[in-house]
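Please keep the model in view while reading the numbered points.

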Amino acid sequence: MVAGMTSSLKDLIINKDLKERLSNIKKILREDYLPYWQTNAPYYTDHSERHCEAVEMNLNEMIPSDIKRKLKQYEIFLLLCGAWLHDIGMMYKQKQSEKDEKIREDHHERGRKLIREKLTELSLDTNERHVVGEIVYAHIDRVEVNEIEESITLRHKELGDVYIRIRLLA
């Protein structure tokens, strides 16, 4: 690494539990979720693993080094979960007859709901799913920042109580 440069966001996660869970979430998404949209709606933008990697890379470039250094590793973990899950709502039809345009229009709401209520295999607890759901909900430009919860304190088994700035992450 060049002197003065900040590591990528994922490199700033030191806690073994957070690293392993992020890796596991990415694996589940790669295998079980990300291939779905390209197979079922190939005429839309690529929403595969490559898209999620690009979102993560964009975050690395967009977030100034001084801000990266101020983020807690638990916040970075949740932010990267949100980056990888941001389009999960694209993979959820409420009715078989539902049009793809409708899904795309409200995929941020669907994603928040899926993350909070159904995606329990992602090794996120209820509070973590709540935060990641907010990040996913806020990823489109129609959502006003004041619609996002300000903050929450989460308890991590090794890190203790950690104040999470949801609105900042979103």
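1. Helix α6 (residues 107–117) packs against helix α7 at an angle of about 170°, and their axes lie 8 Å apart. α6 is therefore roughly antiparallel to α7, a label for angles over 145 degrees, while those under 35 count as roughly parallel, 65 to 115 as roughly perpendicular and the rest as oblique. Axes are lines fitted to C-alpha atoms, for helices over the stretch in contact, and angles run from 0 to 180 degrees between N-to-C directions.

2. On the α6 side, this contact (heavy atoms within 4.5 Å) is made by His108, Glu109, Gly111, Arg112, Ile115 and Arg116. The partners in α7 are Arg129, His130, Val132, Gly133, Glu134, Val136 and Tyr137. By class, the residues of this contact are four nonpolar, four polar and five charged. Here Ala, Val, Leu, Ile, Met, Phe, Trp, Tyr, Cys and Pro count as nonpolar, Asp, Glu, Lys and Arg as charged, and the others, Gly among them, as polar.

3. The model is predicted: local features need pLDDT of at least 70 and side-chain atom pairs count only at pLDDT 80 or more, whereas totals for chains, interfaces and linings use all residues. Residues are numbered from 1 along each chain as its sequence is written, and side-chain values use heavy atoms, with hydrogens and water left out.

4. Helix α7 (residues 126–137) also packs with helix α4 (residues 73–85), at an angle of about 55° and with 9 Å between the axes. The two helices are therefore oblique to each other. From α4, Tyr74, Phe77, Leu78, Leu79, Cys81, Gly82 and Leu85 take part, meeting Glu128, Val131, Val132, Ile135 and Val136 of α7. These residues divide into ten nonpolar, one polar and one charged.

5. Is Lys26 buried or exposed? With 9% relative accessibility, Lys26 counts as buried (under 20% relative accessible area; exposed is over 50% and partly exposed in between, with a 1.4 Å probe and protein chains only). Lys26 is found in helix α1 (residues 16–40). Apart from neighbours within four places in sequence, Lys26 is in contact with Lys10, Glu56 and Trp84.

6. As for the whole chain, there are eight helices and two strands (DSSP runs numbered from the N terminus: helices are H or I with at least four residues, strands E with at least two). Their order from the N terminus is α-α-α-α-α-α-α-β-β-α. Of the 170 residues, 49% count as buried.
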